[in-house]
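Subject: Structure handover and notes

Hello,

Here is the structure I promised you. Please open it alongside this email; my notes follow below.

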Amino acid sequence: MVKRLAIVGSGTGGTFTANFLSTKLRARVRAAEVQILLVGEGFRHHFQPASLDVAFKGAHPDSESRSEMELLKPEVTYIPDPAGKVDLENRTIFTVGGDVFEYDHLIMATGAEVSPQMIPGLAEGSVNFHTGPVNATKVWDSVRSFRKGKIGVLIAGVPHKCPPSPDEALFLLDEYLRHRGVREDVELTLLTPYPKAYPADRIAKVVSPLFEEKGIKVVPFFNVDSVDPSAKKVFSLEGDEYTYDLLIAIPPHRGTRVVRESGFGDEEGWIKADRRTMMVEGHDDAFAIGDATNIPISKSGVVAHLESKVVAENIASEVEGTGRVCEYNGRINCPMEVGGRRAIFVSATYKKQPSDQSPSLVKYAMKRGFGAIYWSALSGRWEWMMDAYLGQTSEEFVKGAQQSAPQT
Amino acid sequence: MSAPSTRRTVDSRGSFCPGPITDLFKAYRQASVGDVIELWATDPAAESDVRAWAARSGNKVLEVSKEKDFLKIVVEIDRKGR
């Protein structure tokens, strides 16, 4: 009987998972004992962090997009027809185009839906770089013609993808406006629901002095209520208001339609999953990774990558009957450019809060380097280097054994 | 006639900063004036974050107590919106 392994979602997590499973189970796929099916959103794969370059450096929107088929190993069967519904009880995927696929193991890598429409007036009153490269281009069009006035970067919902991106946007804006010689005429402000410029204390200790030095203002505890596009005002639930000339929003996020339609998400559509095994609550044959889950961890590419590795390891182990089990330790590593070719990394695990950081050229070069190797990394070829850099990202033990590896 | 006030418990145990305050904000978004939100957190930074937010936003911290293995922070929503 063929083991059917189905992945839903063709972003970073889904593509990594498909390729990891392919590497681990190649012989069994070739012997027709295992089938790896990836049900994806379409033909193109976007490198999402590049939207910052599109929005604030004028990079071309097509420069960081590739054909999904070219990124997948030959053992993966790709279905470029998004899933419309998943029935966990009957192990069945229904695509929007009408196809039906049954599975033995499921990995949900469906990402997040970014929806400015969830806040009244936000879609009409703001631009954003979280809804794809085309909209990131609209940010660039607004920024490059901006000469004088107030630019607000608004965190309009939490959690959101790439936690460093609002601060990074302001650093890049500051740098670009200085380069154009108009910085003195532009007021830059971060409107954030959090108490400080960055939610984690140790990162805020780096960002806040830099913001002060660069004249970037912070309005804390600003949970957006609504936007009045004609008056160019944004209002908070706390009763504050801010008048802008250009509003760049990080729109509210929620789980994707397929999860909401399938009825196994929480009230915001995030999939309830174990933070170490990524097993979907109540279903030992289904896993959820990356932005799609309700796990309290950064919604970022590195998390999707590391979670996919653990899930692929555990499914391959199940297929092979080795009894080995891996558990994710919550390792994150989110880069943030701070201008002047300097960057920091937000690095932590479930048990270790973000470490102290100082901006450096080396970290900037590493950030750009990770971006440059993204496409080839999706095949798994750079895992040796990632392992060396990231250190321990999971713990491994044998099912039923008394002792597990030390946890970090 | 206004809707009766409600009390809602938000379990943020095991979540590091900004988890607890993020969970509180989600509940605040859904709450009405007069509602009470009870936040459970294991992150010790939650208390100072919630107190600072309440002072800034005009809401009231009714109680902060140490339970067996978590912190219970009770907030009354006195102000929301313009």
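How do helix 1 of chain A and helix 10 of chain A run relative to each other, roughly parallel or roughly antiparallel? One caution before the reply: this is a predicted model.

**Helix 1 and helix 10, chain A**

Helix 1 of chain A spans residues 12-24, and helix 10 of chain A spans residues 301-320. They pack at an angle of about 30 degrees, with their axes 8 Å apart. Angles under 35 degrees count as roughly parallel. Helix 1 of chain A and helix 10 of chain A are therefore roughly parallel to each other. The crossing of helix 1 of chain A with helix 10 of chain A is right-handed. From helix 1 of chain A, the contact uses A:T12, A:G13, A:F16, A:T17, A:F20, A:L21 and A:K24. Helix 10 of chain A contributes residues including A:G301, A:A304, A:H305, A:V311 and A:I315. By class, this contact of helix 1 of chain A with helix 10 of chain A has 8 nonpolar, 6 polar and 3 charged residues.

**Helix 3 and helix 7, chain A**

Now another helix pair. Helix 3 of chain A (residues 50-57) packs with helix 7 of chain A (residues 165-179). The angle is about 30 degrees, and the axes are 10 Å apart. Helix 3 of chain A and helix 7 of chain A are therefore roughly parallel to each other. Helix 3 of chain A passes helix 7 of chain A in a right-handed crossing. On helix 3 of chain A, the contact residues are A:L52, A:F56 and A:K57. On helix 7 of chain A, they are A:S165, A:E168, A:A169, A:L172, A:L173 and A:Y176. The classes in this contact of helix 3 of chain A with helix 7 of chain A are 6 nonpolar, 1 polar and 2 charged.

Strand 7 of chain A and strand 8 of chain A pair over 3 bridges, in the antiparallel sense. A:I93 stands opposite A:F101 in strand 8 of chain A.

**Loop residues to look at**

A:R91 sits in the loop between strand 6 (83-87) and strand 7 (92-95) of chain A. It is not a glycine, yet A:R91 has a positive phi of about 50 degrees. A:R91 counts as partly exposed, with 18 C-beta neighbours inside 10 Å.

A:R341 has a positive phi of about 55 degrees, although it is not a glycine. A:R341 lies in the loop between strand 21 (332-339) and strand 22 (342-348) of chain A. With 13 C-beta neighbours inside 10 Å, A:R341 counts as partly exposed.

The peptide bond from A:V158 to A:P159 is cis, with omega near 0 degrees. A:P159 is in the loop between strand 11 (149-155) and helix 7 of chain A.

Is A:I271 buried or exposed? A:I271 is buried, because 24 other C-beta atoms lie within 10 Å. The cut-off for buried is 20 or more. A:I271 belongs to the loop between helix 9 (257-262) and strand 19 (286-288) of chain A. Leaving aside neighbours within four places in sequence, A:I271 is in contact with residues including A:M108, A:V259, A:F264, A:V280 and A:A292. A:I271 and A:F287 are 16 residues apart in sequence and 9.2 Å apart in space, C-alpha to C-alpha.

**Chain B**

In chain B, 4 strands form an open sheet in the order 1-2-4-3, with mixed pairing. Strand 1 (7-12) and strand 3 (60-66) of chain B stand at the edges. Each has a single partner strand, so one side of each is left without a neighbour in the sheet. The twist averages 15 degrees from one strand to the next. Strand 1 of chain B pairs with strand 2 (residues 36-41) of chain B in the parallel sense, over 6 bridges. B:S12 stands opposite B:A41 in strand 2 of chain B. Helix 2 (residues 45-57) of chain B lies across strand 2, strand 3 and strand 4 (71-76) of chain B. This helix runs at about 10 degrees to strand 4 of chain B.

**Where the chains meet**

The contact takes 17 residues from chain A and 20 residues from chain B. On the side of chain A that touches chain B, 11 residues are nonpolar, 3 polar and 3 charged.

Best wishes

Note on methods. Residues numbered from 1 in each chain as written. Chains lettered and ligands numbered in written order. Predicted model: local features only at pLDDT ≥ 70, side-chain atom pairs only at ≥ 80, totals over all residues. Contact = placed C-beta atoms within 7 Å. Nonpolar A, V, L, I, M, F, W, Y, C, P; charged D, E, K, R; others polar. Axes fitted to C-alpha atoms, helices over the stretch in contact; angles between N-to-C directions. Helix = DSSP H or I, 4+ residues; strand = E, 2+ residues; numbered from the N terminus. Parallel < 35°, antiparallel > 145°, perpendicular 65-115°, else oblique. Left-handed = near helix turned anticlockwise from the far one by under 90°. Pairing = 2+ DSSP bridges. Buried ≥ 20, exposed ≤ 12 C-beta atoms within 10 Å, placed from the backbone.
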